[in-house]
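This report looks at how two chains meet and at selected features within each of them. Please keep the sequence and the coordinates at hand while reading.

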Amino acid sequence: MATSPSAHAGEHADEHGHADHRPSPYDPRRWLFSTNHKDIGTMYLIFAIIAGLVGGAMSGLLRWELAEPGLQVFNGQSVLGIVFGNEHNYNVIMSAHGLIMIFFMVMPALIGGFGNWFVPLMIGAPDMAFPRMNNISFWLLPVALSLAVLSMIVPGGSMGTGFGGGWTLYAPLSTSPQLHGGPSMDLLILSIHVAGISSILGSINFIVTIFNMRAPGMTLHRMPLFVWSILVTVWLLLLSLPVLAGAITMLLTDRNFGTNFFNAAGGGDPAMFQHLFWFFGHPEVYVLILPGFGIISQIVSTFSRKPVFGYLGMAYAMVSIGVIGFIVWAHHMYTTGMGLELEAYFVAATMIIAVPTGIKIFSWIATMWGGSIDLKVPMLWAIGFIFLFTLGGVTGVVLANSGIDTVLHDTYYVVAHFHYTMSLGATFAVFAGFYYWLPKMSGLKYSGFLGGLHFWLMFVGVNAVFFPQHFLGLQGMPRRYADYPAGFAHWNLISSYGYVITAVGVLVFLAMLLDMFVLRRRKLNAAENASPWGEGATTLEWTLSSPPPFHQFSELPVIAEEKHH
Amino acid sequence: MKIGRIGSAVAQALILTAIGCGFAVAQTVTGPVDGQIGLQPAATEVAEDIVKFHTLLLWIITPITLFVLALLLYVVLRYNRAANPTPRKFTHNVAVEVVWTVVPVLILVFISLFSFPLLFKQEQIPPAQLTIKATGNAWRWDYSYPDQGVDFASLPLSEKDATSQNRPFRMAVDEPMYVPAGVNVRMLVTSNDVIHAFSVPSFGIKEDAMPGKVNETWFNVPKEGTYYGFCQELCGTYHGFMPIEVRVVSQAEFDRWITSKGGELAAATPAAAPAAPETAPAETPAPAGAPGR
């Protein structure tokens, strides 16, 4: 346990070792009762990998079903028919895929995982401000995931087990006694409540840590951009999650205690749920991408061996994306009949987001401009991210226009758009960060060949999955259909082939991990122990040993004027 | 693009012949065409504007994406470690920062010049000669022609029926919605249970069917033919199986159809739009928490 006062190592790489009283990894108390930000970060990352594999397998079922017209999987007769009997099960898997990827993969990886690991290291703090709260933040997540999985196997309603109303949980589908009268939706509400509490506690922890525990000289304007990105992200979570918690609590009371918040027959308004949901939901999508922005900034700077271009512009672009992110929510609701004036406002507000996003894209390129670029694995992912995120961003500008959204809303164009920003954007940022910091976290080397192969397979695969979906959307293919007319067959098949390529990429990722941690276990040599990435890596975590001592910065580092970000 | 267009023309011709053989009524059939990469052909003026606006946007976003790609490739080739062993250290350049802030703003202002007029055209409903109400139910559409006194339910054809009638499965319905060509149609959309969405892509319309609320939109289709649409808001298990089929026919044929449905031909079609939409019957399911869970 993290209590031994002698368990200290200095901030210098060569001081680790005997003083680093790292408890045995085989002692369950080290993990269950952990108050160490690095151990908790590791647990978050492992949790995210497991959830990502589960959510990714679910998307495989969806692509299998959609590979050709007709019902092949969710039809009661297939191999999986015993479990997945009808179209309701398709909807259940689709809903669970979304929720798992958002709440149990991307958020734990970026905020809980990398945030926990590297915010204290980057600001020169010994740990998070509230280590025990950090522990409960993590351990609430497996509870939430268990509730979500349980929700899939208990009665949902007249159509079978599980909740099939999408991750958006729109009322009155989610409150319908016929369609979702069973306990499944109630469990899902509780799951989101618990996951939300976990995130709120984590957010408070990060805010207090970043505001109070920076090393001497580490002013806000000298913080690495990754720390800035986490700071903005956790503010978004802190301000938006309570709204979601309120909205789903109203769902719960509508379902169980006879209230009529969203029931039109009782004087309620279903559109109100959408307003509340998206008041959370839109900031949430920036929650998923902003930490990625921070990671990409660190990586681009490191591997270009050049300081970040336009540091303040980059930091405040993230702040302004966060602020504007709160006033654009109803662009998800153009077709609900909200009226001309509101639609016009939300069109204008939404398009403005393109400006700070453009500043970020061009500043990354300007950071590389004139640099000395090392195309190592993390940099491949980062460059892939910049291109794919640009592609997902420009289709966002198209969708921002209510006039066009009238045709594209709830079609596969939207699916393609948000997967380009999330599945390709956020996930590429996760992998970029993973390959960037993995040697730091483990002290081991990974195979650059397997990492590169993983990148190229994923890059080709996800593009093959999602680029054709733009075409499907333009042709009018609706989202969330278990089956579709023959007119959509061609591109759906291509999309499903793309999934196979992506899945092979994920297997290569697992092979990379196996090779790194089990088969070869190559340690970083002494010369590159602190920083395998050379002089471009200037943030504080690269001044420590790899893996860092169990407790670091017992003597606080002092940040000099010129030595920042 | 060119190959795509030729491909689409061929595919469309094939589909037309295929469907034309079995169905003499429909002159044109507009729905998804396999392998196509663009929007469906526009059937209304609004949809034409949407297609034009989308083409304009495509001409803006494609060069931007390619520009970013080109910059990335350039920096990777020009400034990689071999080509440029010593990195420069600059971190600011006010001129380019101003440019990449101001130019996107100008582009967005330019886009809005086209975006807002389109939005106004869609949302400002002109005087209509015909009013149709579509009511979503889990899982079928009910249509009602209040001025003619025609009400009916519309169910999708089974695979067997669709095949035997040579009509597209998952799109064709037993009772299509009929409208006369060249007439402003006011479409009222509501729901009896959960939220659905009434959409016909080639008309450029999509309106959520909300319980307890009547949304409205409009269209005017000059060309006779059959047009297909979908429910586009997740409404439960058979969300995918409540398609929309619209037959646009001549006024005479429309009148015959109204009569065959037992409706009355409206005496004089009023030029002005009828009164404001009434509140929906709000026949939502039994209150939440009802017994029998």
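## The contact between the chains

Counting as contact any heavy atoms within 4.5 Å, the interface takes 104 residues from chain A and 93 residues from chain B. The area buried between chain A and chain B is about 8,300 Å², with 67% of it given by carbon and sulfur atoms; buried area here is the accessible area (1.4 Å probe) that two parts lose on being put together, summed over both.

## Basis of the values

This is a predicted model, in which local features need pLDDT of at least 70 and side-chain atom pairs count only at pLDDT 80 or more, whereas totals for chains, interfaces and linings use all residues. Residues are numbered from 1 along each chain as its sequence is written, chains are lettered from A and ligands numbered from 1 in the order in which they are written, and side-chain values use heavy atoms, with hydrogens and water left out.

## Polar and charged pairs

Between chain A and chain B there are 2 salt bridges, a salt bridge being a side-chain nitrogen of Lys or Arg within 4 Å of a carboxyl oxygen of Asp or Glu. One of them joins D483(A) to R170(B), whose closest N and O atoms are 2.7 Å apart. Across the interface of chain A and chain B, 34 residue pairs are in polar contact, with both residues at pLDDT 80 or more; the rule asks for a pair of N or O atoms within 3.5 Å, where within protein one must be able to donate a hydrogen and the other to accept it, and residues adjacent in sequence count only if both atoms are side-chain atoms.

On the side of chain A that touches chain B, the largest share, 9 residues, comes from helix α11 (residues 354-368) of chain A. Helices (H or I, at least four residues) and strands (E, at least two) are DSSP runs, numbered from the N terminus.

Over all chains the structure holds 17 salt bridges. In one of these, the side chains of R255(A) and D186(A) meet at 2.9 Å, N to O. Since R255(A) lies in helix α7 (residues 225-256) of chain A and D186(A) in helix α6 (residues 183-212) of chain A, the pair ties together parts that are 69 residues apart in sequence.

## The sheet of chain B

In chain B, 5 strands form an open sheet of mixed pairing in the order β4-β3-β2-β6-β9, where two strands pair if DSSP finds at least two bridges between them. Strands β4 (150-154) and β9 (215-219) of chain B stand at the edges with a single partner strand each, so one side of each is left without a neighbour in the sheet. Strand β2 (residues 130-137) and strand β6 (residues 185-191) of chain B pair in the parallel sense over 7 bridges, and T135(B) has T190(B) in β6(B) as its bridge partner.

## Backbone exceptions

Most residues other than glycine have a negative phi, and most peptide bonds are trans. The peptide bond from A171(A) to P172(A), however, is cis, with omega near 0°, and P172(A) is placed in the loop between β2 (160-161) and α5 (177-180) of chain A. L169(A), which lies in the loop between β2 and α5 of chain A, has a positive phi near 55°. In chain B, the peptide bond from A138(B) to W139(B) is cis, with omega near 5°, and W139(B) is found in the loop between β2 and β3 (140-145) of chain B.
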